[in-house]
Amino acid sequence: MSVALGTTRPLPVRTTPVGDPGDLLASLPGTAPYAWVRNGEGLVGWGEAARVSVPPGPGRFAWARQWLATVFGDARVDDAVGTPGSGPVAFGSFTFDEDARGSVLVVPRAVLARRGGHAWLTTVGEAPLETLSLLRDPVRDPLVEPGRIRYGDGSLSAPEWEEVVARAAKRIREGELEKVVLARDLVAVAERPIDVRLLLTRLARRFPECYTFSVAGLVGATPELLIRRTGQEVESLVLAGTTARGDGPADDLARGAALLASAKDRHEHECAIASVRQTLAPLCSSLETPDEPELLMLPNVQHLASHVTGRLADGASVLDVVAAMHPTAAVGGTPTRTAIEVIRELEGMDRAGYAGPVGWIDAHGDGEWGIALRSGLVRGRRARLFAGGGIMGDSDPSAELAEAQAKFRVMQYALEG
Ligand SMILES: C=C(O[C@H]1C=CC=C(C(=O)O)[C@@H]1O)C(=O)O
């Protein structure tokens, strides 16, 4: 654990309004940035005022909340903006599997943010603003292309994964469970160290509707919002059920209509909605879930999507809500416990942060957390890319493989341009 904040005396945190910062991602100095950006709005951070590895186990979210309470409680905050995401902020990534190592929380030294026409800068620590390297100098600090990318299988080859999908579908037909989400990994090796900022820039440009994120090497552009808390209000975008993009607008329309009419995909989506409803309802005084999903069209795929809104009954922080919701059936399955056991048994890989919660939280408990999909874990010249899909009793392994390939394309685009 490394905690600079509050170990000896309270560290100052200062938030000041700033003029339009332009492209938030283009401002990032250093190659290990923090980011949560959608449609040009969001937060980017750099440097580390405090960092902790969250111990694995069922109490990990409670442990994280305790750590955050100490860190935020020890800060001396001067916040001239007073909005969700101003004042001290922690970025975090939690592993999909509660028993896996790798969950992390980081309070950056500097955070630059923009929302609703307002922009602000938060600095943490004694160093005056001028001594922080605040913005990237594109001449002295250019974005570096990774060069040629070679791909290799991760834990399972494509035929092996299809076999695993077939086994899972059989177990579903036999009644052991209703749904399971299975994923696979690819290993990408570049000629040069991978500059995360370049990946972020490409992802945000190509997938503006998605949440482009970066936390401790986990990088991606996820369309799935696990939870946003703004005061008492919460919202979630539940996704499950996928088809490829078509060959032109008419084909897109036909595929979208077929997705909406597909019993397999509707059932897959209903499992995901049910898990969100079940975990959110006890925390909320009101909760709205739509009767019918709609279509979300992304550059690589189309999804069934349901926008869920609610009002929290008490003072649960966004991390408390994340703890209750993870893993939803969009990334685990139904019933949850059985699905997790099947994933551990069949996938043969550590998902790390893929399909886990990723996002940020402020000192008031507001924040935004996504499900880390369409993502990769970047370390030097290597990146492990992840993609999967919901398996039902009537899943066709080759169609599931094609769906995973379409989802891999997000990170392949980020690496190759
Ligand atoms: C598991 C993934 O997607 C989930 C989210 C949306 C649609 C999904 C599906 O249709 O299978 C998955 O539940 C992934 O992108 O790796």
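The shell around the ligand is made up of 8 nonpolar, 6 polar and 3 charged residues (Ala, Val, Leu, Ile, Met, Phe, Trp, Tyr, Cys and Pro count as nonpolar, Asp, Glu, Lys and Arg as charged, and the others, Gly among them, as polar). Welcome to this predicted model, in which local features need pLDDT of at least 70, side-chain atom pairs count only at pLDDT 80 or more, and totals for chains, interfaces and linings use all residues. Residues are numbered from 1 along each chain as its sequence is written.

**Around the ligand**
- Of the 17 residues around the ligand, Leu239, Thr242, Leu373, Gly389 and Gly390 come nearest (near means a C-beta atom, placed from the backbone, within 6 Å).
- Strands E12 (179-190), E16 (233-244) and E24 (382-391) each give two or more residues to this shell (helices, H or I, of at least four residues and strands, E, of at least two are DSSP runs, numbered from the N terminus).

- Strand E14 (residues 218-222) is largely enclosed by the rest of the structure, because 5 of its 5 residues are buried (buried means 20 or more other C-beta atoms within 10 Å of a residue's own, exposed 12 or fewer, and partly exposed in between, with C-beta atoms placed from the backbone).
- Leu218, Gly220 and Thr222 cover one side of E14, with Val219 and Ala221 on the other.
- Strand E13 (residues 211-215) runs antiparallel to E14 and is joined to it by 5 bridges (two strands pair if DSSP finds at least two bridges between them), with Val215 opposite Leu218.
- The hairpin of E13 and E14 has 2 residues between the strands, and Ala216 takes a positive phi near 50° there.
- E14 also pairs with strand E23 (residues 375-379), antiparallel and over 3 bridges; Val219 has Gly376 as its bridge partner in E23.

**A look at Tyr354**
- Tyr354 sits in the loop between helix H7 (336-346) and strand E21 (357-362).
- Tyr354 is buried, with 28 other C-beta atoms within 10 Å.
- Leaving aside residues up to four places away in sequence, Tyr354 touches Phe96, Ala183, Ala372, Ser375 and Phe386 (contact means C-beta atoms, placed from the backbone, within 7 Å).

**Confidence**
- The chain averages a pLDDT of 94, and 95% of the residues score at least 70 (pLDDT is the predictor's confidence in each residue, from 0 to 100).
- Over residues 1-8 the pLDDT is below 50.
- Where pLDDT is low, the predicted coordinates should not be read in detail.
- For the complex, the predictor gives an ipTM of 0.99 and a pTM of 0.96.

Notes:
Two residues are in contact if their C-beta atoms, placed from the backbone, lie within 7 Å.
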